[in-house]
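Work through the exercises below with the sequence and the model side by side. Each task is followed by a solution in steps.

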Amino acid sequence: MPSLLKLHRLKLAALLLAANLGLLLHLAAGDLKPLADWVWLDILGEGGSALLCLLWLGLVLKSRPAGRVTNLLALGLGCVFFSWWVDWLDEFIKLPDAIGWDHWLESGPMPVGLILLTLGIYHWHREQLAISAQMEKRERLFREHRLFDQVTPLNTAGYLRLQLEQSLAEARDEQQALSLVILDLDDFSSLNRLHGHAEGDRVLQALTQLLLLNLRRQDLLCRLAGDRFVVLLPNTGERQARQLAEELRLAVSHLAHKAQAHGERLQLQASVASVMALGEDADSLLRRLNLALARAKQPPYAHSA
Ligand SMILES: Nc1nc2c(ncn2[C@@H]2O[C@H](COP(=O)(O)OP(=O)(O)OP(=O)(O)O)[C@@H](O)[C@H]2O)c(=O)[nH]1
């Protein structure tokens, strides 16, 4: 509210001044009506309309950036409010019959306000069409670049690579640690085969929510491919990354996902690995991460062999 008052103080001050002038003119030229002459239906109807108009004005000013279209809408609503306000004053103040200016004050601003409002709404509509066209283009751009995954609402490997390059440069400049965690579901193809691809998609979506719940605000979760997820951990050392990977693995093993068809609980297991950046580029780091995962996926006897 304070920002609204600050940004549009001239418009709001002009409206307040006009409303006060209208009131003072009525008080100077007329007499207060006795309570018995008040028509409550008119008071409520006209007062309510004026109040609603003020509310619309507030909403328009609050939701739009300052500029020509906002000025047209504000001016239009201001004029409409002023007409209703003067109309409302008539309910309390009786002017002598010889006075004619009150009709002008009451009826003049209304059509002007409606014309300004119409112009404002027309330009708003054109502005909205331009914004929608822009959004469509952006959406197409995202789809073409496939930076967003279709199953989960996560970013894809392409986005991860872009972010990783940027984060590696930042980590180098600021001499901070940066780590990656990778998580891959075990035997996900069997789940797909036994419960269907749609159930597999639901598992991936539930898993996404679970992983997001277990991450910090600054971490970036991306779906690398299929049942493989990567988390970019800024300002995180090796030990902390290993610990987070283990926490994610445990969280997955405790996930109680119920299959939609028969409601049975699907037991999930995941393999995890983590690496800390050692000054290499994004591709080498991702390669090292995948190697670490491959090692984690090997059965225990293979490690000792
Ligand atoms: N439901 C679903 N399945 C997917 C999607 N993307 C990939 N998959 C499946 O994920 C499975 C991945 O198979 P693998 O890479 O062999 O992984 P896995 O079966 O978990 O085997 P391990 O990782 O070795 O334990 C394949 O069956 C793919 O068809 C998807 O968007 N939705």
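In strand β8, alanine 270 is the bridge partner of leucine 185. The model is a predicted one: local features need pLDDT of at least 70, side-chain atom pairs count only at pLDDT 80 or more, and totals for chains, interfaces and linings use all residues. Residues are numbered from 1 along each chain as its sequence is written. Helices (H or I, at least four residues) and strands (E, at least two) are DSSP runs, numbered from the N terminus.

**Exercise 1. Strand pairing**

Task: find which strands pair with β3 and state how they run.

Solution. 
- Step 1. Apply the criterion: two strands pair if DSSP finds at least two bridges between them.
- Step 2. Between β3 (residues 178-185) and β5 there are seven bridges, and these strands run antiparallel.

Solution. 
- Step 1. Leucine 220 has leucine 232 of β5 as its bridge partner.

**Exercise 2. Burial and the nonpolar core**

Task: decide how far β3 and β5 are covered.

Solution. 
- Step 1. In β3, eight of its eight residues are buried. Leu178, Leu180, Ile182 and Asp184 point one way, while Ser179, Val181, Leu183 and Leu185 point the other way.
- Step 2. In β5 (residues 228-234), five of the seven residues are buried, so this strand is largely enclosed by the rest of the structure.

Task: locate the largest nonpolar core and name the element that gives the largest share.

Solution. 
- Step 1. A nonpolar core is a set of buried Ala, Val, Leu, Ile, Met, Phe, Trp, Tyr and Cys residues joined through C-beta atoms within 7 Å.
- Step 2. The largest such core has 35 residues, and Leu180, Val181 and Val230 have the most contacts inside it.
- Step 3. At least two residues each come from α7 (157-174), β3, α9, β4, β5, α10 (238-253), β8 and α11 (282-297).
- Step 4. β3 provides the largest share of this core, six residues.

**Exercise 3. The shell around the ligand**

Task: which residues are closest to the ligand, and which element gives the most to its shell?

Solution. 
- Step 1. A residue counts as near a molecule if its C-beta atom, placed from the backbone, lies within 6 Å of it.
- Step 2. The ligand is surrounded by 15 residues, of which Asp186, Phe188, Ser189, Gly200 and Gly226 are the closest.
- Step 3. Two or more residues of the shell come from each of β3, α8 (188-195) and α9 (197-213). The most, four residues, come from α9.
- Step 4. By type, the shell has four nonpolar, five polar and six charged residues. Here Ala, Val, Leu, Ile, Met, Phe, Trp, Tyr, Cys and Pro count as nonpolar, Asp, Glu, Lys and Arg as charged, and the others, Gly among them, as polar.

**Exercise 4. Loop residues**

Task: explain why glutamine 175 and aspartate 187 are classed as exposed, and give their phi values.

Solution. 
- Step 1. Glutamine 175 is in the loop between α7 and β3. Its phi is positive, about 55 degrees, although it is not a glycine. Glutamine 175 has 6 C-beta neighbours inside 10 Å and therefore counts as exposed.
- Step 2. Aspartate 187 sits in the loop between β3 and α8. Its phi is also positive, near 55 degrees, in a residue other than glycine. Aspartate 187 is exposed because 11 other C-beta atoms lie within 10 Å.

Conventions: Buried ≥ 20, exposed ≤ 12 C-beta atoms within 10 Å, placed from the backbone.
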